[in-house]
Structure formats: C-alpha cells, structure tokens
Amino acid sequence: MSTPRETTDPTAGIGTGLHVRVGARRSALARTQAEWIAARLQELGATTEMVGVVTTGDTDRRHLTEIGGTGIFATAVRDQLRTRDADVAVHSLKDLPVDPAPGLVIAAIPAREDPRDVLVGLPLDALASGMRIGTGSPRRVVQLANLLAARGLQVELVPIRGNVGTRVDMVRTGELDAVVLAAAGLRRLGMLAENDGRTTVEGLPAEPIGVDRVLPAAGQAALAVEVSEQADPRLLALMAAIDHLPTRLEVTAERRFLNTMEAGCLAPVGVHVTADEQLNLTLRAVAGQMIASTSSRDAATPLTSVEGSAPTSDGESPEAAVARAAQLGDRSARDMLLRHPAERPET
Ligand SMILES: NCc1[nH]cc(CCC(=O)O)c1CC(=O)O
C-alpha cells in the first residue's frame, strides 16, 4: 500500500537504463498493442524498439478451424523470445493457448479493455430475416443464433476471416449486412466512436452487445506480455509494474475454465469473470454445440449456462487470490460439464 501523502511513485524510473525489444505480429492491431505496451515501459524510464514478425495465421488464408487454430498467431512471436530477438512478446490473451509455453512466462497482464463484442453495420434492433452477418467464431455463432431465434429471425451467419479492417470493409462494400468484432480491438485501433449514446465504427452504425447477451471469449480484451524465464530481474520488475491484479484474476479464472472444459479458442464457449473492488470474483459462462450449418435457425441449439463466485478473504496475498481464481474456473467448468455432457471428450 502506498502512503497517501507520498508524492513520488514507487515505480517511477524503475526502467531507467533498460532497453526493451518489443515483439509482436505485424497486423495493425498487434502493432498498436505492442506500441501501447512500449509506451507504458517508456513511462517507467525504459527505451524500446519494435520487432515485427509474420505468423502462419497472417499468411494462411484458410479458415482458422482448418489450419488448426489455437496458437498459430502466438508461435512465431514466442520464437522471437527463444532466439533472443525480442525481450518481451505482446499477445492478445484471447489468442494465446492456455497451455504454458516451456521456458516462457506471462510476466504482465495489464488492465483489460472493453470486453464486449460489437455488431458493426447496424444496431441489433435493425436485424431482419435474410440478412448476412459475418463471424468465424463458433462462440459468437451459437449465442447470436439464440438471440436471433428469440426474436423470430433467421439470418445467415457467414464464416469470415481477416484482420479487423478487412472485416469492417466487408460491410462497407455491402458484401455483408454486419460483422461481429471485439470492442477492444476496435477501440485500440481508434475505429470506434461514441456520440450522444450512438456508437459508430468508421462511420458505420454499430452496437456493443452487453455481456449479459453475448459472453466474450476467455481473456478477451486483455493483453499478455510474455518473457523468457531467464529474463533480467529488472525487466521482470518492469513487468510487475504494468501488471493489473484484478485483470489477472479475471483471466486466470476464464482461462482455467476453458482449459478444464478442454475447449480451445475455437470452441463455442463464452466466459466472463469480473473482479470487484475487494477482488470478489463472479463468473458467468455459456456453452453451445458445434453446428456445421450457417443458418442461424440451425445454430440456435440450447445453450448450457453456469454461474459461480469466489469471495475474497481478509489479508489474502496476490498469490492466494490467483489460486482462488484458478479454483473458481476449475469448479465452474466441472459444474458446466455435469450439465453439458455433450462437451465431454469421447472416452
Ligand atoms: N480473434 C482475433 C482477435 N484477437 C484479439 C482481438 C481483439 C480483441 C481482444 O483483444 O480480445 C481480435 C479481433 C476480434 O475478435 O474482433
């Protein structure tokens, strides 16, 4: 705890004399995220340099479910750490496989951005039967299909890929009526504007979808900064200064939930955990079924929901809080599996 009267920030200047090579993919979003991290490190006195890398996920145009999904974006960035071509690797936590990478540690998880998904192209109320909505995410498909079915609508859910700008262009050209994107990416790229309660994305009408209607992916809107286990202790101290404990607890529970469900980032699972001021944790999750059809009517199969909570205790250490978060994720996943036997792997 810092003394209220203290004017000097205990972390001020802790990066002085450190030069940090920041590795990330070359997409506009990855670069923006890396630059954001670099700016935080510079505020702490470090000097920084950007190291870009092209990943299989960027060059292979096939659908993610065909290439093998999980990890294709992370691997090349992680290799830069192993070959010592970068000192830190910046990832979207949502794209980072849950299994730990040998020799590497997630040294910082900064405060999370807006965790919601956004419908870009038109507001939710303007959706009508026969429209085409783009999303390649089974999680979004199953939840949207249920929302649409509840309104008696049937739309086509078109599997799409590409970076954020490409997806927004699909609406601009009229190829699709709307696409679903994460608010976090749009905000980081400066593409989302809010005026008088009206949301637009690059001038297109848009509507953020509350987490009470569509639950985000595990780790959505959070960044992970990975370093080598053998990293300079001064670099680790710098990482600790940009780590945000409430976010770390939230995403720890979410990722553990996903892992215990044995569901990858491509599974139709939404999970969202919030930490309040006292670090009490609340979890809400939903699981659907993989459906091959692109008709929202076919994809509107029943969803299984689960809720859980893990209250804080007096004098709890950060390490104990992380363990509590992990337990919440585990326990909630087991509750979910009891209700949702179809998600259990074949034995
Ligand atoms: N799957 C791609 C991806 N990975 C991370 C983000 C940005 C949001 C985030 O930081 O979680 C996006 C784009 C999107 O889903 O719209």
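Domain bounds in this report come from an automatic or database domain assignment. By that assignment, the protein chain is divided into domain 1 (19-110 + 222-243), domain 2 (117-209) and domain 3 (248-343). The centres of domain 2 and domain 3, taken over C-alpha atoms, are separated by 24 Å.

## Basis of the model

This is a predicted model, in which local features need pLDDT of at least 70, side-chain atom pairs count only at pLDDT 80 or more, and totals for chains, interfaces and linings use all residues. Residues are numbered from 1 along each chain as its sequence is written.

## Overall composition

The protein chain contains 11 helices and 15 strands; these are DSSP runs numbered from the N terminus, with helices being H or I of at least four residues and strands E of at least two. Of the 347 residues in the protein chain, 44% are buried. A residue is buried if 20 or more other C-beta atoms lie within 10 Å of its own, exposed if 12 or fewer, and partly exposed in between, with C-beta atoms placed from the backbone.

Two residues are in contact if their C-beta atoms, placed from the backbone, lie within 7 Å. Among contacts in the protein chain with a separation of 6 or more, 76% are between residues 24 or more positions apart.

## Contact between domains 2 and 3

Across this boundary, 16 residues of domain 2 are in contact with 15 residues of domain 3. On the side of domain 2 that touches domain 3, helix H5 (138-150) and strand S7 (156-158) each supply at least two residues. H5 gives the largest share, 10 residues.

That side of domain 2 has 11 nonpolar, 3 polar and 2 charged residues. Here Ala, Val, Leu, Ile, Met, Phe, Trp, Tyr, Cys and Pro count as nonpolar, Asp, Glu, Lys and Arg as charged, and the others, Gly among them, as polar.

Helix H1 (residues 28-43) has 16 residues and reaches 23 Å from its first C-alpha to its last, close to the expected 22 Å. The expected span is 1.5 Å times one less than the number of residues. Leu 29, Ala 30, Gln 33, Ala 34, Ile 37, Ala 38 and Leu 41 are buried in H1.

Just after H1, Gly 45 has a positive phi of about 105 degrees. Ala 46 lies in the loop between H1 and strand S2 (47-53). Ala 46 counts as buried because it has 22 C-beta neighbours inside 10 Å. Leaving out residues up to four places away in sequence, Ala 46 touches Gly 15, Leu 18, His 19, Val 20, Leu 41 and Leu 238. Its C-alpha atom is 42 Å from that of Pro 159, which is 113 residues away along the chain.

## Strand S3

Strand S3 (residues 88-92) is largely enclosed by the rest of the structure, because 5 of its 5 residues are buried. In a regular strand, side chains alternate between the two faces of the sheet. In S3, Val 88, Val 90 and Ser 92 are buried on one side, and Ala 89 and His 91 on the other.

Two strands pair if DSSP finds at least two bridges between them. Strand S1 (residues 19-25) runs parallel to S3 and is joined to S3 by 2 bridges; Val 22 stands opposite Val 88. Strand S12 (residues 223-228) pairs with S3 in the antiparallel sense over 4 bridges, and Ala 224 in S12 stands opposite His 91.

## Strand S8

In S8, 5 of the 5 residues are buried, so the strand is largely enclosed by the rest of the structure. Ala 178, Val 180 and Ala 182 are buried on one side, with Val 179 and Leu 181 buried on the other.

Strand S5 (residues 117-120) pairs with S8 in the antiparallel sense over 4 bridges, where Asp 117 stands opposite Ala 182. Strand S6 (residues 132-134) runs parallel to S8, joined by 2 bridges, and Ile 133 has Ala 178 as its bridge partner.

## Surroundings of the ligand

The residues around the ligand are Ser 92, Lys 94, Asp 95, Val 164, Leu 181, Ala 182, Ala 184, Gly 185, Gln 220 and Ala 221, each with its C-beta atom, placed from the backbone, within 6 Å of the ligand. Strand S8 (178-182) and helix H7 (183-188) are the elements that give two or more residues to this shell.

By class, the shell has 5 nonpolar, 3 polar and 2 charged residues. Domain 1 and domain 2 each contribute at least three residues to the shell.
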